[in-house]
Amino acid sequence: MTLIIDAHQDLAWNMVNLGRDYTRSAEDIRQSEKNTPILAYNGNTLLGWPQYQQANVAIVFGTLFCTPRRRDQGEYDIQVYETPQEAHECYRQNLDAYLRLTDQHPEKFRLLYNQSDLNAHLATWEAHQSQSQDPPPPVGIVILMEGADGIREPEEVEQWYDWGVRLIGPAWAGTRYCGGTRDPGPLTKAGFALLDQMAELGIVLDISHMDHQSARQALDHYAGQIIASHSNAEALISGIPINRHLKDETIRQLIARNGVMGVIPTNAFLDWNWRDHGGRDVIGLEKYIAQIDYVCQIAGNTHHVAIGTDFDGGFGVESVPHELDSIADLTKLIPHLKKKGYNQEDIERIMHGNWLRILQNNLPNS
Ligand SMILES: [Zn+2]
């Protein structure tokens, strides 16, 4: 069965702020949150350990994420920051959440820092797939920092690298380093300095949430690997008023730099006015497949698009295409892709192979 690698899940944010326990099933988590304000806040969860197993989700990029106070999202957003020091502490708490999770449940979640971790992890999955009586292997987590304000100064990025961060997206909203979603603007002087430090360490740059201008600057300037962990093609999202997704010229440049783009199956990023257009019932997976296909058509191949669900990242089951009840249903993409003419090799690349290439080319040896 096809393995899945998903490049964007805000696991730590949900663990720290909402107390979600992802070692449980999605149904159990939903049950425990019944009649709480969490549902209005972040929806019903799409994640849970048995659901990862059902879809053979072998690796996720788990984010470190905190909210700047000016974008405070209310009651449950307990991790907000104003100063670089506050951001730093907040991002450290996210990091600690992954360390606790993997210490307490090594049979369910495992952090992947380097090539030997990755190879050992893949070997466990292969053994499991060839002898299905083995216990199911853990989900591998690679740490991705979303929004770089927790890095107090560019030189500190080396410390974060030592702590295990392997990918960094400098923006969410705008940060001290660059313009971001709803905060247009360029890379700052500190932003260029941050990129230089990152390149030296071999950290993967994630341009998702960067403003069009700062993303294009980064694509011109950054010497290392570039990806977009969770971004869609703006051209296909009718009515979208925010600078959250990638323009065609950015997608072309990302492809030219041998990057990979993880596309997001959430309704607002497939049709901005989906609620007025009939709601969840009328948003089907074909709209998500259209995003995947769009990137493949621009590239002329299937080497540059992959999965970046952003599940539980501010939305739940209520806001994804109607065929999806949890991450277990990502396997439903496969027949859709086949119907559209994608062969088995293409499908393997989209479901995991392209992200695996990024990890194999960029994780350190040890
Ligand atoms: Zn995001």
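1. Ground rules: the model is predicted, with local features needing pLDDT of at least 70 and side-chain atom pairs pLDDT 80 or more, while totals for chains, interfaces and linings use all residues. Residues are numbered from 1 along each chain as its sequence is written, and side-chain values use heavy atoms, leaving out hydrogens and water.

2. The largest pocket holds about 820 Å³. Here a pocket is an open set of points on a 1 Å grid over the protein atoms alone, where a 1.4 Å probe fits, with protein on both sides within 12 Å along at least five of seven lines; lining residues have an atom within 4 Å of a point. Volume is the space filled by probe spheres set on the points, which are joined across faces, edges and corners. Of its 34 lining residues, Gln73, Phe269, Gly313, Gly314 and Phe315 are closest to the centre.

3. The second largest pocket has about 160 Å³. Its lining includes Met15, Val16, Ala97 and Leu101, and α5 gives the largest share, four residues. Helices are DSSP runs (H or I, at least four residues), numbered from the N terminus.

4. Those two pairs turn up again where α1 meets α5: Met15 and Val16 are among the α1 residues there, Ala97 and Leu101 among those of α5. Contact means heavy atoms within 4.5 Å.

5. How do the axes of α1 and α5 cross, and at what angle? They come within 9 Å and cross at roughly 95°, which makes α1 roughly perpendicular to α5 (65 to 115 degrees). Axes are lines fitted to C-alpha atoms over the stretch in contact, with angles from 0 to 180 degrees between N-to-C directions.

How values were computed: Angles under 35 degrees count as roughly parallel, over 145 as roughly antiparallel, 65 to 115 as roughly perpendicular and the rest as oblique.
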